[in-house]
Amino acid sequence: MALVTTAEVCDANPQLIVSGELRALQPNFQIYGRRPVFFGPIVTLKVFEDNVLVREFLEEKGNGRVLVVDGGGSLRCAILGGNPVVQAQNNGWAGIVVNGCIRDVDEINGCDIGVRALASHPMKANKKGIGEKHVPITIGGTRICDEEWLYADTDGILISRTELSV
């Protein structure tokens, strides 16, 4: 995927777009981290202003996966910070997409991992451990399921039901 852009994937696969097998997330995400291009199988998580489960996932071996977190689009606190991102980088995660806020931007921008989020916010999240793992989530009208594939570059983010052969 590194040599083929998301725009080229869209141009080459109109039938997948029409069928809904290939979807683009709305262009609401800011680019963080040192890896602007990343892809991998998706792991889903649904939380709201709570980051305990986010940290738990990133403590696991990533094996090239992408954690997609539906944080409800909250702009009231950050559900991802520098320490978990460093851990994700060290544990082999390809990337993290957060429908919500992050913090410790300078630290995250120094990490060799791809991160997308709506914005940054200095306030930390709650620590109650409430949320749902491995469930279908919807971000900006796009349904995303565990084990689908995510492809991100500077043009945007694509979700595919299967791994694309490009």
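Q: Which residue in β7 does G95 stand opposite?
A: G95 stands opposite G114 in β7. Helices (H or I, at least four residues) and strands (E, at least two) are DSSP runs, numbered from the N terminus. This is a predicted model, so local features need pLDDT of at least 70 and side-chain atom pairs count only at pLDDT 80 or more, while totals for chains, interfaces and linings use all residues. Residues are numbered from 1 along each chain as its sequence is written, and side-chain values use heavy atoms, with hydrogens and water left out.

Q: How many bridges join β6 to β7?
A: Start with the rule: two strands pair if DSSP finds at least two bridges between them. Here 6 bridges join β6 to β7, and the two strands run parallel.

Q: In what sense do β2 and β7 pair?
A: Antiparallel: β2 (residues 30-32) and β7 share 3 bridges. In this pairing, look at Y32, which stands opposite V115 in β7.

Q: How many of the residues of β7 are buried?
A: Buried means under 20% relative accessible area, exposed over 50%, and partly exposed in between (1.4 Å probe, protein chains only). In β7, 5 of the 7 residues are buried, so the strand is largely enclosed by the rest of the structure.

Q: Which residues of helix α4 are buried?
A: In α4 (residues 82-90) they are G82, P84, V85 and A88. These residues cover an arc of only 165° around the axis, which puts them on the same side of α4. The arc is that of the directions from the helix axis to the C-beta atoms. On the other side of α4, N83 and N90 are exposed.

Q: What covers the buried residues of α4?
A: Contact means heavy atoms within 4.5 Å. The cover includes two helices, α3 (52-59) and α5 (105-109). It also includes the strands β5 (78-80), β6 (95-102) and β7 (114-120).

Q: What follows α4?
A: G92 follows, and its phi is positive, near 85°. Look also at N91, in the loop between α4 and β6. N91 counts as buried, because its relative accessibility is 14%. Leaving aside neighbours within four places in sequence, N91 is in contact with L58, E59, E60, K61, G62 and N63.

Q: Which residues does the UniProt annotation "binding site" cover?
A: UniProt positions are given in the numbering used here, feature names are shortened, and annotations may be inferred rather than shown by experiment. The unreviewed UniProt entry lists G81, G82, N83, P84 and R103. Although spread over 23 residues of sequence, they cluster in space, with a largest C-alpha distance of 10.9 Å.

Q: Is P84 buried or exposed?
A: P84 is buried, with a relative accessible area of 4%. Its place is in helix α4. Not counting residues up to four places away in sequence, P84 touches R55 and L58.

Q: Where is R103 found?
A: R103 is in the loop between β6 and α5. At 26% relative accessibility, R103 counts as partly exposed. Beyond its neighbours within four places in sequence, R103 has contacts including A78, L80, G81, G82, I108 and H121.

Q: How many disulfides does the count come to?
A: A disulfide is a covalent bond between the sulfur atoms of two cysteines. The rule used here asks for a pair of cysteine sulfur atoms within 2.5 Å. By this rule the count is 0. C10 is in no disulfide, and the nearest cysteine sulfur, that of C145, is 19 Å away. C10 is partly exposed, with a relative accessible area of 24%.
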